[in-house]
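Please read the points below alongside the sequence and the model.

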Amino acid sequence: MVTRKNIMSLTTTEQSRFAAAFQRMFQGGGTGPFARMAGLHGYPTYSCVHGAENFPHWHRVYVNEFETLLQQAHFELYGTRDIGLPYWAWDSSQSTALPSTVAAAFANIGSRSSIQAVMGSRPSSRESSARSMYDNGYTLLDAGSIGRHSSFQSAVSNTNDLLSRVNTMSHQTASSLLESPHGGIHVACAAPMSSIGTAGWHPYFWLHHCNVDRIWEAFLAGRQSRDGSRGPVEAQFRTSNPTVYNRGLAPFVKPNGLAYTSTDTFTTTAFNYVYDTLPVAQPIPCADSTTTGFTVSGGPATCAQLAGYCNHATHGPGVQRVCRRTCGVCTSSTNVREKQITRSAEILITFGKRSGCKLDLTQPSFVVHFFLVPTGTAWIAPGHTDELGPATPYYSGDGAFFGDAKGDTMHHAIFVRHIAHFSGSISDYEVMALYDEGEWGGTLLTSPTFLQPTAECDGAAPVPDASWFNFTSIN
Ligand SMILES: [Cu+2]
């Protein structure tokens, strides 16, 4: 049994051994362990499961297969398989950084020569995101940039909502509420993490999905503590969605040669690992004062110190946007984010259409930002993602669509989900949406011109209207 640990809590020796074993997986290029695992998610094999209730189950097996190969590499180097895949605890504060040893090991993975060596051959023009990764390589975003992305902040907030009700949530709700912030983290990490086809080739993918699995484990443990065992939560999946429950988690097979199905995945000990700790719901911290990007009197500016600058008439819109984004949420002494809308009721806003003109996974990733505007109120749409934050009037957060420019055309009806807090009755509000293409610093569009034509739309691009938004009470 191995223990999966927070990557920030690894000892110096554990850090360097993980980094060395991870790098060793790149040996063998296009047929080596890393390429075999990365290629299973999207390009070139597209085996991943998204938008279905067995999303956590398929990824649990997938991440464990990667861990097994990591253990093999560790064995070749150190003569022991005693290493668990570390997780990136993006759900809690101060967790978007990596230890310097690991960061150094990851630094050159995206360089053009490195990515071309591990991919082995150039993707066809049909695979536009994979080809772009091969031709250009990529730069890993630093932790601060990822942490400031609105999708990251919404993912943390929505995951906290999930964690606050792990004992009572149904299997289906938990699965879909986990997938949505999971996609937000993908989008916040930018290309190639933001495309289904290329995400597996990004080193953060493995640490991210380890944490997604850990959050799922917190849900299973929460239901177990209420129900006395994991039987009832599994029975809920089996009886309400038998087709998906019984579906093989291809291409993975058990040691006995039979296909894994969801029933094999309800404990981690069956896969020979445990987590050091499981996440619990916690208050959302304000942006760290050191990440405001400003200095006052030679030191990092706190939000309280910045307030005077933010309101200064001579500072341009760029400064003011950053101020609103990083500091609009601070209360000076407690450093705790204030919810703009009273937390008296919560709903799930679902964006997407189940029939007719709809999205599919060939759609590139994007973000939908939701505003709950009291009916009859004049509303001026913000023009830039920098203007978005909990202090933006009527802003309730966002949901990320994690798709791909090209690739699997078999799956459909992927939905963006967002939990909104509001007071009164939802019928007193109008939901407004703005769209952006998901990269840091984007222009906000009132109409998503980047949506791709789909067959269901008779070859036209879908145009979302009010019928694309659904509300479900989750109280
Ligand atoms: Cu993912």
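1. The model under discussion is a predicted one.

2. Strand β9 spans residues 395-401 and is mostly covered, with seven of its seven residues buried.

3. Strand β8, formed by residues 366-374, also pairs with β11: eight bridges connect the two, again in antiparallel fashion. Here V368 is the residue that stands opposite Y435 in β11. Strand β11 itself covers residues 429-436 and is mostly covered, six of its eight residues being buried.

4. Attention may now turn to the nonpolar interior. In soluble globular proteins, nonpolar side chains tend to be buried together. The largest nonpolar core in this model comprises 85 residues, and L70 and F370 have the most contacts inside it. Helix α3 (residues 55-78) supplies the largest share of this core, namely eight residues. Because domain 1 (2-275) and domain 3 (345-473) both give residues to the core, it lies between them.

5. Which residues does L70 contact, leaving aside its neighbours within four places in sequence? They are A21, F22, M25, I83 and L85.

Terms used: Residues are numbered from 1 along each chain as its sequence is written. This is a predicted model: local features need pLDDT of at least 70, side-chain atom pairs count only at pLDDT 80 or more; totals for chains, interfaces and linings use all residues. A residue is buried if 20 or more other C-beta atoms lie within 10 Å of its own, exposed if 12 or fewer, and partly exposed in between; C-beta atoms are placed from the backbone. Helices (H or I, at least four residues) and strands (E, at least two) are DSSP runs, numbered from the N terminus. Two strands pair if DSSP finds at least two bridges between them. A nonpolar core is a set of buried Ala, Val, Leu, Ile, Met, Phe, Trp, Tyr and Cys residues joined through C-beta atoms within 7 Å. Domain bounds come from an automatic or database domain assignment. Two residues are in contact if their C-beta atoms, placed from the backbone, lie within 7 Å.
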